[in-house]
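Please open the model in a viewer and keep the sequence panel in view. The stops below are given in the order in which they may be selected.

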Amino acid sequence: MGINANSMNTLFGFGRSSSAGSSPFSALTASLSDYNMIRSGSYKKLMTSYFAKTDADAFRSAFNSSKVNNKSTATSKDSTETLSKVESSAKDLKDSASKLLQTGTKSVFNKVDAKDEDGNDVKAYDTDKIYKAVKSFVDDYNAMIQAADSSKTTAIQKSTISMINATSKYESSLNKIGITIDSDNYRLSIDEETFKGADMNRVKNLFNGTNSFAYNVKSQASMIEYRADNEASRANTYTHKGSYSSNYSSGSMWDSFY
């Protein structure tokens, strides 16, 4: 079998067919030109460049198609449920601290008409009212710690640790009014009898006024509430239909760069 233009075209033409009017010599020349490109490495460089561009285009297309309503896919370490509990418990603690911090006619530390041991009319603290407010604060504090235990968000963990550390600084003063700190889980406990028998002026100093224990806890609770709310803005979840949704948007200005 002799070597002719058709056999050379089959070998080097890569499926190329001669156009009408082209000579066997021109087809052979084109095939040999392709062969020389392969030998020199130019063909490989061209193909590498082509597929690199194709891959980049495919990636960009896939990225753009993954965006829904111009929303990013930023994710949170915590579920929406966990963040909701943290935020809610932080708000409750902040509110109970605010109640203890109130001044004026709404203050739980306002003295009321009472009788002393001799039956004389005196002004005294309403220990039952104060105990109820402090007990609510203690319960909310413990609920906040429990909610934060489930969080994997670093910012929330750090703020909670700061609150625990701040509380430890008041441990001695708290013990004197019947409030103790569990060294294992950092929860607070309050003994009603000891509390009601304590010096209410000491109680007031701890729970009322700027730089008091309650004031510091309220500040920390506000920060935890903010951290949870901020993290929730990035939390991606699955809907009841099984589709993926994000409630965080990077904004139309930033989305325009993709």
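Begin by selecting Y141, M144, I145 and A148 in α5, which meet T160, M163, I164 and T167 in α6; contact here means heavy atoms within 4.5 Å. By class, this contact of α5 with α6 has six nonpolar, two polar and no charged residues. In this classification Ala, Val, Leu, Ile, Met, Phe, Trp, Tyr, Cys and Pro count as nonpolar, Asp, Glu, Lys and Arg as charged, and the others, Gly among them, as polar.

The model is a predicted one, in which local features need pLDDT of at least 70 and side-chain atom pairs count only at pLDDT 80 or more, whereas totals for chains, interfaces and linings use all residues. Residues are numbered from 1 along each chain as its sequence is written, and side-chain values use heavy atoms, with hydrogens and water left out.

Next, display the whole of helix α6 (residues 154-168) beside α5: the axes come within 11 Å and cross at roughly 145 degrees. Axes are lines fitted to C-alpha atoms, for helices over the stretch in contact, and angles run from 0 to 180 degrees between N-to-C directions. The crossing of α5 and α6 is left-handed, that is, the near helix is turned anticlockwise from the far one by less than a right angle (clockwise would be right-handed). Helices (H or I, at least four residues) and strands (E, at least two) are DSSP runs, numbered from the N terminus; the protein has eleven helices and six strands.

On the α5 side, select F137, Y141 and M144; on the α10 side, select F213, A214, V217 and I224. The contact of α5 with α10 has seven nonpolar, no polar and no charged residues.

Which rings are linked into a cluster by ring pairs? Select F137, Y141, Y170, F207 and F213 to display it. Rings of Phe, Tyr and Trp (its six-membered ring) pair if their centres lie within 6.5 Å; planes under 30 degrees apart count as stacked, over 60 as edge-to-face and the rest as tilted. By this rule there are six aromatic pairs. One of them, F137 with F207, is edge-to-face, at 5.5 Å centre to centre and 80 degrees between the planes. This pair links distant parts of the chain, 70 residues apart: F137 lies in helix α5 and F207 in helix α9 (residues 200-207). F137 counts as buried because its relative accessibility is 0%, and F207 counts as buried at 0% as well. Buried means under 20% relative accessible area, exposed over 50%, partly exposed in between (1.4 Å probe, protein chains only).

Move to S107, in the loop between α4 (80-101) and β1 (111-115). S107 has 6% relative accessibility and therefore counts as buried. Leaving aside neighbours within four places in sequence, S107 is in contact with Q102 and N208.

Is K123 buried or exposed? At 55% relative accessibility, K123 counts as exposed. Not counting residues up to four places away in sequence, K123 touches K111, V112 and D113. Its side chain makes a polar contact with the side chain of D113 (2.7 Å). A polar contact is a pair of N or O atoms within 3.5 Å; within protein, one must be able to donate a hydrogen and the other to accept it, and residues adjacent in sequence count only if both atoms are side-chain atoms.
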